[in-house]
Amino acid sequence: MRNRPRASLGRILQDLGTTVLDVAASPGDLDTEVTGVHIFDPLDELIVPPGGIVLAVGVRGAAEICSLIRRAPRAAGVVVKLPVDVEEEVRATVLETGVAVLALTRAASWAQVAALLRSLLAEGDLAEPGQGPQGDLFSLANAVCALLDAPVTIEDRSSRVLAFSGRQDEADQGRVETVLGRQVPERYLRMLDERGFFKELYQSREPVYMELGADGVINRTAVAVRSGDEILGSIWVAVREPLSEQRRRALADAAKIVALQLLRERAGADTQRRLRADLLSTVLAGGADAPEAAGRLGIATTRLCVLAAQLTDAAAADPARGESDRQRFCDALALHVAAIHPKAAAASVGSIAYAVLPLHSVGDEEARAVRVAESFLARVGPRHAANIGVGRLAANLSQVARSRADADRALRVLRARGTTGQAAGYTDVHFESLLLQVADVAAAEEQAPTGPYQRLLEHDAEHGTELAATLRAYLDAFGDVNVASARVHVHANTFRYRLKRLVEISGLDLSDPDARLTVMLQMRIFGR
């Protein structure tokens with residue numbers, strides 16, 4: 001039997017985001033467990049159990065807020081519509097009772113926030129493997145279609161189709177392509193953008209009628225789906241003439257219901273993602289709680305391999321876009337490994353997407369995991385540039401932490417190489433990983449090059465020469481002067497003269513294999 005995750009006030013606020021609810025006055029710690037949602041009625045006796053959230057309908061001003069808090073001193077928080085009058089008296093009462101004051105955007109209805117909070121509290125359990133977030137946008141699309149007597153699509157901000165109604169055959173070819181591809185075709189997006197329809201749609205809170213004026217293309221009426229000032233998507237209706245006022249109002253009301261459903265799905269998906277990330281982090285860390293977490297994820301098997309995947313172009317100018325790309329990348333990885341093994345699990349931990357892949361004992365497990373990683377990179381390559389490190393096989397849960405460390409180190413080697421679209425098993429990059437670890441120790445202890453290599457670096461810095469680069473080229477070419485001189489773009493005789501000079505200056509004995517190894521290791525460790 002699975003344990004229900006604790007619904008804290010802070011976690012609920014994270015799930016909803018500041019667009020819907022924000023903290024107006026906090027007692028400091030928002031880790032209070034939320035047990036239910038209660039609507040305040042001044043005519044009824046207020047009974048709020050510990051951890052309840054009170055929806056302060058009609059409450060305004062500091063005095064009324066303080067009075068309500070004192071009537072419900074064991075509540076987790078009270079929700080007041082903006083603007084919230086937060087005076088010193090309110091802050092003092094919040095600190096005294098530990099009841100937080102939350103600000104609700106004016107664009108949200110009390111019915112919306114009550115249903116949203118209750119749905120979050122009801123989504124306590126983690127979905128079973130393969131089970132997605134609950135929601136029925138398609139039923140909503142069909143209901144709107146019946147209300148308006150016209151085919152409908154519900155789309156996100158990127159014009160991807162989230163749901164569509166029946167009767168799409170009554171629309172035009174563009175709608176058919178949109179439904180089949182689950183995305184509005186580029187030529188229609190360009191037309192709508194050039195005519196300013198998107199700008200008009202997202203600036204208006206009412207349905208917008210669009211005369212497209214193209215052969216074989218039916219006009220559209222669309223309305224933005226909003227939560228406060230945030231635009232979640234839009235509803236598009238294929239119509240031959242403007243809607244009547246009654247149907248315009250029905251479409252506007254439908255947008256509010258769709259907004260609620262989108263928020264519920266987003267909150268549920270975010271909650272499940274976060275819970276899976278928490279459980280997978282516990283498994284990856286090992287320890288006493290790892291078996292229970294592995295059981296809840298459905299990966300309590302004896303042989304596991306950890307994959308660590310990271311986008312190589314994640315340093316985008318837009319942090320929100322970067323985070324969205326990382327989440328889509330992780331979702332794609334989860335889908336891919338689930339197709340390999342139904343009990344595989346994947347989740348984002350920081351900027352890295354980790355996957356734990358159960359493997360049958362048939363030998364060469366690490367190589368098989370690398371092939372899985374390479375197959376995934378080949379599939380997502382056009383959309384996501386990434387690398388994947390693969391850890392050694394973990395014979396049991398206690399070794400998963402080691403496999404995770406291996407995967408991290410293999411990923412770091414690929415990052416240090418500057419490659420992209422590559423997968424590497426830890427055993428294949430073991431020595432490179434060790435060199436990076438030695439470099440970390442040297443940096444932490446503020447160590448510096450010594451001996452002949454130090455003298456070369458000092459000479460180069462003082463005289464502007466490139467003797468260290470000459471030595472590196474010589475060693476990389478196994479002592480072949482012609483190859484080495486070509487790499488640094490100088491004549492072979494010039495290269496021989498530089499080689500003679502660096503030996504004189506540094507005192508390095510190039511005929512001594514130990515001396516050559518020492519200077520090569522220093523070059524790799526200190527990276528100069």
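How many disulfides does the count come to by the distance rule used here? The count comes to 0 disulfides, where a disulfide is taken as a pair of cysteine sulfur atoms within 2.5 Å. This is a predicted model, in which local features need pLDDT of at least 70 and side-chain atom pairs count only at pLDDT 80 or more, while totals for chains, interfaces and linings use all residues. Residues are numbered from 1 along each chain as its sequence is written, and side-chain values use heavy atoms, with hydrogens and water left out.

**Cysteines**

- A disulfide is a covalent bond between the sulfur atoms of two cysteines.
- Cys66 counts as buried because its relative accessibility is 0%, the term buried meaning under 20% relative accessible area, with exposed meaning over 50% and partly exposed lying in between (1.4 Å probe, protein chains only).
- Cys145 is buried as well, with a relative accessible area of 5%.

**The open sheet of five strands**

- An open sheet is formed by 5 strands in the order S7-S6-S10-S9-S8, with antiparallel pairing; two strands pair if DSSP finds at least two bridges between them, and strands (E, at least two residues) and helices (H or I, at least four residues) are DSSP runs numbered from the N terminus.
- At the edges of this sheet are strand S7 (161–164) and strand S8 (208–210), each of which pairs on one side only.
- On average, neighbouring strands of this sheet are turned by 25 degrees against each other, direction ignored; axes are lines fitted to C-alpha atoms, for helices over the stretch in contact, and angles run from 0 to 180 degrees between N-to-C directions.
- Strand S6 (residues 152–156) pairs with S7 in the antiparallel sense over 3 bridges, and in S7 the bridge partner of Ile154 is Ala163.
- Helix H5 (residues 137–148) lies across S6, S7 and strand S10 (230–238), and runs at about 55 degrees to S7.
- In the loop between S6 and S7 is Ser159, which is buried with a relative accessible area of 4%.
- Leaving aside its neighbours within four places in sequence, Ser159 is in contact with Gln183, Val184, Leu189 and Phe198, where contact means heavy atoms within 4.5 Å.

- Strand S9 (residues 220–227) is mostly covered, since 8 of its 8 residues are buried.
- In a regular strand the side chains alternate between the two faces of the sheet.
- From S9, Arg220, Ala222, Ala224 and Arg226 point one way, whereas Thr221, Val223, Val225 and Ser227 point the other way, and all are buried.
- S8 and S9 run antiparallel and are joined by 3 bridges, with Tyr209 standing opposite Thr221 in S9.
- S9 and S10 also run antiparallel, joined by 8 bridges, and Thr221 stands opposite Val237 in S10.
- A hairpin is formed by S9 and S10 with 2 residues between them, and Gly228 in the turn has a positive phi of about 65 degrees.

- Strand S11 (residues 304–311) has 8 of its 8 residues buried, so it is largely enclosed by the rest of the structure.
- Leu304, Val306, Ala308 and Gln310 point one way from S11, while Cys305, Leu307, Ala309 and Leu311 point the other way, and all are buried.
- S11 is joined by 6 bridges to strand S13 (residues 352–358), the two running antiparallel, and Ala309 stands opposite Ala353 in S13.
- S11 is also joined by 5 bridges to strand S14 (residues 386–390), again antiparallel, and the bridge partner of Leu311 in S14 is Ala386.

- Ser403, found in helix H13, counts as buried at 0% relative accessibility.
- Not counting residues up to four places away in sequence, Ser403 touches Cys305, Val306, Gly391, Arg392 and Ala394.
- The axes of helix H13 (residues 400–417) and helix H14 (residues 430–444) come within 9 Å and cross at roughly 85 degrees.
- The residues of the contact of H13 with H14 divide into 3 nonpolar, 2 polar and 5 charged; Ala, Val, Leu, Ile, Met, Phe, Trp, Tyr, Cys and Pro count as nonpolar, Asp, Glu, Lys and Arg as charged, and the others, Gly among them, as polar.
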